[in-house]
Amino acid sequence: MTLTCKQLLQKHHEAWHAATVHPFLEHCKLGIIQPQQFNTWLSQDYLFVVEFTRMLARVLIAAPVHHFELLLAGLSAIKDELNWFKAKASERQISLDVPQQPTCTEYCQYMYSLGTQPYAVQATALWAIELAYNQGWQLPGAMPEPYAEFASRWGNPEFTEYVKLLEQQADEALSTASPEIEQQAEAAFLQVARLEKDFWQMAFNATQ
Ligand code: HMH
């Protein structure tokens with residue numbers, strides 16, 4: 001039997017719920033998130049995206065040529081995203097030159113470790129990472145400014161389409177994967193879900 005992304009979401013519904021529904025996002029929606037919480041998320045997520053860029057470059061290395069187009073579009077979009085983070089940090093007068101918090105480091109090390117995994121595993125993890133934000137930022141419903149801009153960055157229709165295409169590419173890679181690789185892909189999905197939940201909690205816990 002072939003594993004698909006849809007099956008992973010169904011089988012691990014609870015883990016995925018915890019990855020995408022968090023008081024941090026609920027407090028953004030209610031407009032009551034504290035500046036130190038939001039600013040911690042912003043600076044740590046910038047550091048995350050720097051390492052995520054490197055992960056995406058490694059996924060491209062492992063990918064079949066007919067998957068290049070989507071991955072190159074993703075890499076191109078990340079260029080704007082890194083600059084956007086810098087603009088948001090400057091508006092909020094916060095520094096991005098801060099140390100990674102332990103949860104951020106753990107996530108970044110995990111993304112680094114994916115580089116030695118088969119392409120099907122990397123493609124599954126990439127899809128899960130992008131879907132987590134695509135769903136997480138949309139699920140609470142319309143957010144007040146300044147958070148609406150953040151919600152639309154990952155919740156907008158083009159990003160949603162990009163994530164659907166990532167799912168197709170992951171499904172295609174999984175369709176020829178051995179049972180052992182399927183198992184590794186399932187473990188990667190669960191690891192991403194756990195790290196996403198921890199990342200929200202890290203920002204939510206921030207007191208300075
Ligand atoms: C923690 N997960 C985290 N940050 C992000 N920016 C994304 C996923 C989406 O790229």
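Helices (H or I, at least four residues) and strands (E, at least two) are taken as DSSP runs and numbered from the N terminus. The model is predicted, so that local features require pLDDT of at least 70 and side-chain atom pairs pLDDT 80 or more, whereas totals for chains, interfaces and linings use all residues. Residues are numbered from 1 along each chain as its sequence is written, and side-chain values use heavy atoms, with hydrogens and water left out.

Pro146 is located in the loop between helix H7 (119-136) and H8. The peptide bond joining Glu145 to Pro146 is cis, with omega about 5°. In the loop between H5 and helix H6 (102-113) lies Gln93, a residue other than glycine whose phi is positive, near 55°. Most residues other than glycine have a negative phi, and most peptide bonds are trans.

Helix H5 (residues 68-91) and helix H8 (residues 147-155) have axes that come within 13 Å and cross at roughly 175°. Axes are lines fitted to C-alpha atoms, for helices over the stretch in contact, and angles between N-to-C directions run from 0 to 180 degrees. H5 and H8 are therefore roughly antiparallel (an angle over 145 degrees). Contact (heavy atoms within 4.5 Å) involves Glu81, Trp84, Phe85 and Lys88 of H5 and Glu149, Phe150, Arg153 and Trp154 of H8.

Trp154 is also among the residues surrounding the ligand, which include Phe48, Val49, Tyr107, Ile129 and Phe199 (a heavy atom within 4 Å). Polar contacts are pairs of N or O atoms within 3.5 Å. A polar side-chain atom of Asp45 is 2.6 Å from a ligand nitrogen atom, and one of Tyr133 is 3.3 Å from a ligand nitrogen atom. An N or O atom in the Glu130 side chain lies 2.8 Å from a ligand oxygen atom.

Notes
Parallel < 35°, antiparallel > 145°, perpendicular 65-115°, else oblique. Polar contact = N/O pair within 3.5 Å; in protein donor to acceptor, adjacent residues only side chain to side chain.
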